[in-house]
Amino acid sequence: MIDTHTHLNEPRFVEDLFVVRDRARDAGIERLIVVGYTLATSREALRVAKQTGDGAAVGIHPHDAAEATPEALETIRDLASSPPVVAIGETGLDFHYDHSPRETQIDRFRAHIRLAKACGLPLIMHCREAYEELYTVLVEEDAREAGGVVHCFWGTAEDARLIVDLGFYLGVGGGVTFPKSEELRQTLLTVPRNRILLETDCPYMAPLPYRGKRNEPAYLPYVAERLAQLYDAPVEKVVEETKENAFRCFPRLQRL
Ligand code: NI
């Protein structure tokens, strides 16, 4: 299994990083991506990924869009040339929290897309209550060339269709196991299975039966199992398919 979205670069993993990574391996997680969301955590993602032999993503989250100045993105570009980096992100739009002005978010999201295209790397995107705007920017910036994933996808079937038709993948995490996520599960049934990626988004979004606890990559099998149940397919099949999808989305991950 591939955990395509982790924050093992968070302080909550400092004390037991290698124990967590070993538990993940025991649970069948072959490889994972450590995702940065500020300049500092992008550096940290790279450091952790080098230590654990995993992939890293470097970028500045829409929450901190103001931090993504041209100078900061120049540094992100430098970091992106290091071998463990497999993607640019996380970037995107968050109109739920609005921690940064929307105009700034859109401007910096565009800058990330241009950077991803220049680096030949796929995007890891965060989107909350901004699917229409996200789609518009992806089209305007011709982001198909970069490719990538909308992580922790939680949109409508129409949002899913538009994003998938542009050539992007959808990340599925712990949310799919929650009892109240029936709408999301029904939406996922409309998505081609070769476009789905597994992720934990740890330490957030722990799946049942760990909901509310610190999430970690070793819990990814609960997501795979819930998806298999939804598809009425063997879990081994879902594991195999999503792994192939992850390597297709993040070609550099396979070469690590
Ligand atoms: Ni994240």
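A nonpolar core is defined here as a set of buried Ala, Val, Leu, Ile, Met, Phe, Trp, Tyr and Cys residues joined through side-chain atoms within 4.5 Å, where buried means under 20% relative accessible area (1.4 Å probe, protein chains only). The model is predicted, with local features requiring pLDDT of at least 70 and side-chain atom pairs counted only at pLDDT 80 or more, while totals for chains, interfaces and linings use all residues. Residues are numbered from 1 along each chain as its sequence is written, and side-chain values use heavy atoms, with hydrogens and water left out.

The largest nonpolar core holds 70 residues, of which Leu8, Ile76, Ile88, Leu138, Val150 and Leu227 touch the most other members. Helix α8 (residues 220–231) contributes the largest share of this core, seven residues; helices (H or I, at least four residues) and strands (E, at least two) are DSSP runs, numbered from the N terminus. A second, separate core of 15 residues includes Ile2, Ile33, Ala57 and Phe247. Beyond its neighbours within four places in sequence, Leu8 is in contact (heavy atoms within 4.5 Å) with Phe13, Leu17, Val20, Leu32, Val34, Val48, Cys202 and Pro217.

The nickel ion is coordinated by His5 (NE2), His7 (NE2) and Glu90 (OE) at 2.1 to 2.2 Å. Donors are N, O and S atoms within 2.8 Å of the metal (3.2 Å for Na, K and Ca); water is not among the atoms, so sites may look incomplete. Along the chain the donors follow the spacing H-x1-H-x82-E. Because His7 lies in the loop between β1 (2–6) and α1 (17–26) and Glu90 in strand β4, the pair ties together parts that are 83 residues apart in sequence. His7 and Glu90 are both buried.

Grid points are joined across faces, edges and corners, and a volume is the space filled by probe spheres set on the points. The largest pocket has a volume of about 590 Å³. Its lining comprises 20 residues, with His61, Asp94, His126, Arg128 and Asp201 nearest the centre. Strand β5 supplies the largest share of this lining, three residues.

The largest cavity has a volume of about 40 Å³. Both β7 (169–172) and α7 (182–188) supply at least two residues of its lining.

Technical notes
On a 1 Å grid over the protein atoms alone, a cavity is a set of points where a 1.4 Å probe fits but cannot get out, and a pocket is an open set with protein on both sides within 12 Å along at least five of seven lines; lining residues have an atom within 4 Å of a point. Buried means under 20% relative accessible area, exposed over 50%, partly exposed in between (1.4 Å probe, protein chains only).
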